[in-house]
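I opened my notebook for a friendly walk through one chain. Here is what I looked up, in the order I looked.

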Amino acid sequence: MWNSMSSLQLSLFGIGALTLGAVVIYNYWTSRKSAPRQAEPQTEPVGGATEPTLDVAEQKEPVLTDDFASLPQPERKPQLDALIDVIATIEVDHPVSGDAALAALPATRRVGTKPFHVEGCSDVSGEWEALAAGHRYSAFQAGVQLANRVGALNNIEFSEFVVKTQAFADAVAGAANFSDMLEEVARARELDQFASAHDAQLSFTLCTRASAWSPGYIQQHAARLGFVAGVIPGRMVLPSPVAGLPPILSLTFDTQAAMADDPALSAIREFSLSLDVPQIAREDQPFERLREVARLLAEHMDGVLTDGNGQILGDDVLDQIASDLQQLYDALDARELSAGTPQARRLFS
């Protein structure tokens, strides 16, 4: 009897141990499966193999390093343009030093929600330029932007522009000449209507098919395609090959996850890829780059590309977007506000 009971107990103990082991293994497997994917340890490429990258001139953070000083610089041109600015001329009897002109500028360089600028006509070259110490100017012009993404210049803002410009003119012993307020405000409304009808900021969402991603996992895959860390946690950018110009694309994910005490434990199931169309030159093919980035990230991270409503974006939809963008580019070109130009970047900001 004792032997039979001992055998039964041993059998039950064995079955219990097997069951417990199976539960432990299952729990370990499910926890591993549900845990966010982590970045791989950095290793040297084997056999000369390299990670896929996009064609970017430099893969470093432009705002956090001085290495971009050697990159091509945008051409420096006078800021004011009659196409998108109200411009008031200021005549002076004698040349004024740049130091005196800079001291006469208002404390804030905005009029309401619009940028305000003053330029001087160089006494040496006769060209308009941003005010600089040590230079001398034979005339000045002040301007306020007609419209931006906040809206059109209104009567109150025009009046504030007149007050600021007149104060500057008085300080440099000059005489200011202003255009008609009603005409300029009407021009501002028309420009704002055009800009509103031809603005485009594309944002796609990449969602995980299965396991969540950790911040490091996302950052590692994006970095392989040329993205660098942005100033804001949870944001990366694909920098322009020209220093000082806006990034071509941006990638954003949960800021709180990026700032967590242990980001490796943060589970992220989606992130966005964005393109500000009017800010980037057409010849840079930004939408084509956006498509290629999305394709590669979806392929390597086991994700799927969707719109803001969770609908999967197939090639047919992306092809239609590409066709619509060509019409948008044509309309901007016809208005002399081509995407990526200084005027377009200012208007669509």
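I began with helix α7 (residues 286–301) and checked its length. At 1.5 Å a residue, its 16 residues should span 22 Å, and the end C-alpha atoms are 22 Å apart, so the two agree. The expected span is 1.5 Å times one less than the number of residues. Helices are DSSP runs of H or I with at least four residues, strands are runs of E with at least two, and both are numbered from the N terminus.

A note on the source: this is a predicted model, where local features need pLDDT of at least 70, side-chain atom pairs count only at pLDDT 80 or more, and totals for chains, interfaces and linings use all residues. Residues are numbered from 1 along each chain as its sequence is written, and side-chain values use heavy atoms, with hydrogens and water left out.

Next I listed what α7 buries (under 20% relative accessible area; exposed is over 50%, partly exposed in between, with a 1.4 Å probe and protein chains only). Among the buried residues are Phe287, Leu290, Val293, Ala294, Leu297 and Met301.

Then I looked at the loops on either side of α7. Gln285 sits in the loop between β13 (270–276) and α7, with a positive phi near 50 degrees. Gln285 is partly exposed, at 47% relative accessible area. Asp302 lies in the loop between α7 and β14 (303–306), and its phi is near 55 degrees, also a positive value. I noted Asp302 as partly exposed, because its relative accessibility is 30%. I flagged both because most residues other than glycine have a negative phi.

How do α3 and α4 cross? The axes of α3 (residues 155–171) and α4 (residues 181–197) come within 10 Å and cross at roughly 125 degrees. I took axes as lines fitted to C-alpha atoms over the stretch in contact, with angles from 0 to 180 degrees between N-to-C directions. The pair is therefore oblique; angles under 35 degrees count as roughly parallel, over 145 as roughly antiparallel, 65 to 115 as roughly perpendicular and the rest as oblique. Asn155, Phe158 and Ser159 of α3 meet Met181, Glu184 and Val185 of α4, a contact being heavy atoms within 4.5 Å.

I finished with α4 itself. Its buried residues are Glu184, Val185, Ala188, Leu191, Asp192, Phe194 and Ala195. I found these packing against partners including β1 (85–97), α3 and α8 (315–334).
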